[in-house]
Amino acid sequence: MGFNGSRRCSVWLKRMPAPIRLRELIRTIRTARTQAEEREMIQKECAAIRSSFREEDNTYRCRNVAKLLYMHMLGYPAHFGQLECLKLIASQKFTDKRIGYLGAMLLLDERQDVHLLMTNCIKNDLNHSTQYVQGLALCTLGCMGSSEMCRDLAGEVEKLLKTSNSYLRKKAALCAVHVIRKVPELMEMFLPATKNLLNEKNHGVLHTSVVLLTEMCERSPDMLAHFRKLVPQLVRILKNLIMSGYSPEHDVSGISDPFLQVRILRLLRILGRNDDDSSEAMNDILAQVATNTETSKNVGNAILYETVLTIMDIKSESGLRVLAINILGRFLLNNDKNIRYVALTSLLKTVQTDHNAVQRHRSTIVDCLKDLDVSIKRRAMELSFALVNGNNVRGMMKELLYFLDSCEPEFKADCASGIFLAAEKYAPSKRWHIDTIMRVLTTAGSYVRDDAVPNLIQLITNSVEMHAYTVQRLYKAILGDYSQQPLVQVASWCIGEYGDLLVSGQCEEEEPIQVTEDEVLDILESVLISNMSASVTRGYALTAIMKLSTRFTCTVNRIKKVVSIYGSSIDVELQQRAVEYNALFKKYDHMRPALLERMPVMEKVTTNGPAEIVQTNGETETAVLETKPPPSGLQPANQANDLLDLLGGSDITPVIPTAPTREPASAGGELLDLLGDLNLTGIPSITAYNKNGLKIDFTFERSNTNPSVTVITIQASNSTELDMTDFVFQAAVPKTFQLQLLSPSSSVIPAFNSGTITQVIKVLNPQKQQLRMRIKLTYNHKGSAMQDLAEVNNFPPQSWQ
């Protein structure tokens, strides 16, 4: 009975049609006209393969797994073939093993426990009598071996690394690299086997040996120190490659084995870093490679690039560094965009250490600003700003202003910001500085940073001798064109402050213009009614008109009329200003000249957040309260404006720099005297924010000299694996409070909670109301700009009662 059954089974198997070959499957799939048709073909073939697997068909298992791998490469699921790969690996036929190991590398990884079943098969194949079977096992272990497999099979790999067979040695070296990455503590096992690797004549073994040595040096300082004695041998190998004649086996575009040369240069870079003796030993060969390598082909450029990186990274001679930078300068003239981009990036990294050498290529770098490729443009712009100094600032700014005028919109913000910083640092004169910033505002005013307007106003205020010249230039700049809002804001402020100089024609720097009081007011009224004017700009214009009431003599009645009209404006901010200005005219006219007199010289206060107190002539200026005249100039930055409505009501005041008035603010004056004795009674700390690895803790202290003052110390910590950079903390509180935010201890929060940033907040709470606060956090993390808002309402009663 059993015999008859087996016979019927064999007859049935003979009647089964043979599965199609891989080549036929590929041809069939390529005939599919739609994705749905292709999926149907794949599903049909997968069903046939599954049936064959269930029947334990050994005859066509290899063919079916090969087809399955092709489907996997097309993106279709092929996980049901994992065990079949193991069966092929266990086969004695080389063709089966080859497909089985290929399937294991593609379909298996450490996440599947199935791969552990391969350990014994790989161990047997590593000791196989056929080198090609041993090679398959080494490739598979080096591709997907887990840490457990690497521990179990490291001894077998180490044996093959000592064999005389160059075919196996090169594969064993690469497999050892994977083992070291998975299990670094096994590194010392391979140390004896590495002694003779560099004596091998076979280039394949040399190449993989250098890769292995590089991995060991990068992972262990002890190995790095141990292998530094190999520098002369590596130099000799590299010299032989350069001086050797034509070898068809290794020649690529006329250069002998460029892949090995690049690997050796990378290893030399690691060995020579921070080591005088090793660097000295490789100086000559690096100079030889840099001068003798052919640059007409991309192969030579790759070797030169690696040579430049090595020269810049080790302690090389100054002449050699100049040679490296000259090579990068030649790269800038290459027609290949990739080579030009690489050269600009490398020069940007070296410009701080070799500034003078890079300066020699300034004209070529500036020419790259005209490149059509946006990536090259951006790198050229960044490098151009890095090259600006006191000697070339006029010429470089001329080129960068031309670039700002013609570049794409995505470049304008960064370019304008860079020009502002360079002009502030290297300006040869105040007039040049003012002209440059005005040119930027005229060209790209809509793209400048939020602090551009207050910074320029401060510069103008401090340049007393330039007031007449500046107000005349700004007046002419905005005639009939209100499209650049920052420029209009600065012009409105200056006209309000120095309108009398404009009308009197006292400008000595250029030919004065004849302007009447009515013409000046016409311009400001045009700004008020223009559709292009933002609410902030209208506020500047209305405040300027009000200030002109103390500078002009013949148009005071017209100014009163304009101010009264805007007392019913639908813009609440504009309406509030107009109402308060009307009150000045009607009730406090005797105080108006003193309140609106010309601004004194302002001291620049730098903070990393929106909170700052501006002190002028001994007076402290804070956010304007409702009972006081509105600011006459500087407007809050947009970034701080975002905090205005965070607490859901109109009683919120962001702590920001504002335009000073001449009235001293008594509450703000108290804030400056917060450094007295502190009450160190125990107030419990709170966690104000804890998200995405960033944690903000608040600790509290009370001042003995002023019980209304609470000193809050924030501590920011970072539990992620990467640093958080450019960290900025901002805060907003209700108007019943006064708040001062001091500078932080740093802008970088170290990873793994290895350090903290501290920053002090001082809160004046005269009415002893419950404290509430909105905070805004901005920082860069993992290459992305992060921003978040949070509300803090859980302040302990001891901190405010």
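## How α30 and α31 cross

The crossing between α30 and α31 is left-handed. This is a predicted model, and in it α30 covers residues 556-565 while α31 covers residues 572-586. Their axes come within 9 Å and cross at roughly 140 degrees. That angle makes α30 oblique to α31, because only angles over 145 degrees would count as roughly antiparallel.

So which residues do the meeting in α30 and α31? From α30 you get Val556, Ile559, Lys560, Val563 and Ser564. Across from them, α31 brings Ala578, Tyr581, Asn582 and Phe585. Sorted by class, the contact of α30 with α31 has six nonpolar residues, two polar ones and one charged one.

## Ser717 in strand β9

Next up is Ser717, which sits in strand β9, residues 709-718. Is Ser717 buried or exposed? It's buried: the relative accessible area of Ser717 is 12%, and under 20% counts as buried.

## Aromatic pairs

Now for the rings. The count comes to seven aromatic pairs. One of them joins Phe403 and Phe411, with 6.0 Å centre to centre and 65 degrees between the planes, an edge-to-face arrangement. Both Phe403 and Phe411 are buried.

There's a cluster too: ring pairs link Phe698, Phe700, Phe729 and Phe795.

Methods:
Residues numbered from 1 in each chain as written. Predicted model: local features only at pLDDT ≥ 70, side-chain atom pairs only at ≥ 80, totals over all residues. Heavy atoms only, no water. Axes fitted to C-alpha atoms, helices over the stretch in contact; angles between N-to-C directions. Helix = DSSP H or I, 4+ residues; strand = E, 2+ residues; numbered from the N terminus. Parallel < 35°, antiparallel > 145°, perpendicular 65-115°, else oblique. Left-handed = near helix turned anticlockwise from the far one by under 90°. Contact = heavy atoms within 4.5 Å. Nonpolar A, V, L, I, M, F, W, Y, C, P; charged D, E, K, R; others polar. Buried < 20%, exposed > 50% of the residue type's maximum accessible area, 1.4 Å probe, protein only. Phe/Tyr/Trp six-rings, centres within 6.5 Å; stacked < 30°, edge-to-face > 60°.
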